[in-house]
Amino acid sequence: MATIDKSKFTFVKRDDFASEIIDAPAYSYWKSVMRQFLRKKSTIAMLGILVAIVLMSFIYPIFSNFDFNDVSKVNDFSARYIKPNSQYWFGTDSNGKSLFDGVWFGARNSILISVIATMINLVIGIVIGGIWGISKTVDRVMIEIYNIISNIPPLLMTYSIGAGFWNLIFAMTITGWIGIAYNIRIQILRYRDLEYNLASRTLGTPTVKIIVKNIMPQLVSVIVTTASQLLPS
């Protein structure tokens, strides 16, 4: 009977912790989003147009002499309502001012207002929504506040506060956060009482840490979608 050559074999040690290692590929939300986004040529084209509009809105006014308050041509009827030409690409308005310049100046202000108002609404909405969803005591109070604020027309606030750059931002943020907070609250209710959160709470994990570490990472897609809807609105 042939003998076994032990030199051809290697002894493998037993690892008691090997079964605890999760053999799964690492997942990144942002990498997955970018992979799907860059897969379509139409989205890349739309992104290029959007970037071009934003750059034009902020770069062109720097080199333009356009002035909103200029009324020097208000009595010059020959300068009014000129059709688009090589000098006035979009023509002129009733005051004889270039509509092309006015569009880009207006676009810059509109973009600034939308970005600032969106960021303020998101920050306030996420913070209050996180507390609202995790605390049952706060939930009872905030539901009543939500029922009151949500019935106030946003346009009424805009007209009552008046015109102006910061007045518009204030009007858009004084009640705009309540809807975001309510949506965050609904999403948190889906994850608040899951087993791993109950286990964290039983082990004495602070509530803030549960919100930041356990729940908020699950809401990244919801927050990004909300921001993309708020910017144009």
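The buried residues of helix H7 in this predicted model pack against helix H3 (99-134), H4, helix H6 (165-173), helix H8 (195-202), helix H9 (207-215) and helix H10 (220-230). Those buried residues are Trp177, Ile178, Ile180, Ala181, Ile184, Arg185, Gln187, Ile188, Tyr191 and Arg192. H7 itself has 16 residues and spans 21 Å from its first C-alpha to its last, close to the 22 Å expected at 1.5 Å a residue.

**Contact of H4 with H7**

Helix H4 (residues 136-149) packs on helix H7 (residues 177-192) at an angle of about 145°, and the axes lie 11 Å apart. The crossing of H4 past H7 is left-handed. The residues that meet are listed by helix below.

| Helix | Residues in the contact |
|---|---|
| H4 | Lys136, Asp139, Met142, Ile143, Tyr146, Ile149 |
| H7 | Trp177, Ile178, Tyr182, Arg185, Arg192 |

By class, the residues of this contact comprise 7 nonpolar and 4 charged, with no polar ones.

**Nonpolar cores**

The largest nonpolar core holds 13 residues, of which Leu122, Ile184, Ile188, Ile215, Met216, Leu219 and Ile223 touch the most other members. H3, H7, H9 and H10 each give two or more residues to this core. H7 supplies the largest share, 4 residues.

A second, separate core has 6 residues, including Trp132, Met142, Ile149 and Ile178. Met142, Ile149 and Ile178 also take part in the contact of H4 with H7.

Technical notes. Residues numbered from 1 in each chain as written. Predicted model: local features only at pLDDT ≥ 70, side-chain atom pairs only at ≥ 80, totals over all residues. Heavy atoms only, no water. Axes fitted to C-alpha atoms, helices over the stretch in contact; angles between N-to-C directions. Left-handed = near helix turned anticlockwise from the far one by under 90°. Contact = heavy atoms within 4.5 Å. Nonpolar A, V, L, I, M, F, W, Y, C, P; charged D, E, K, R; others polar. Expected span 1.5 Å × (residues − 1). Buried < 20%, exposed > 50% of the residue type's maximum accessible area, 1.4 Å probe, protein only. Core = buried A, V, L, I, M, F, W, Y, C linked by side-chain atoms within 4.5 Å.
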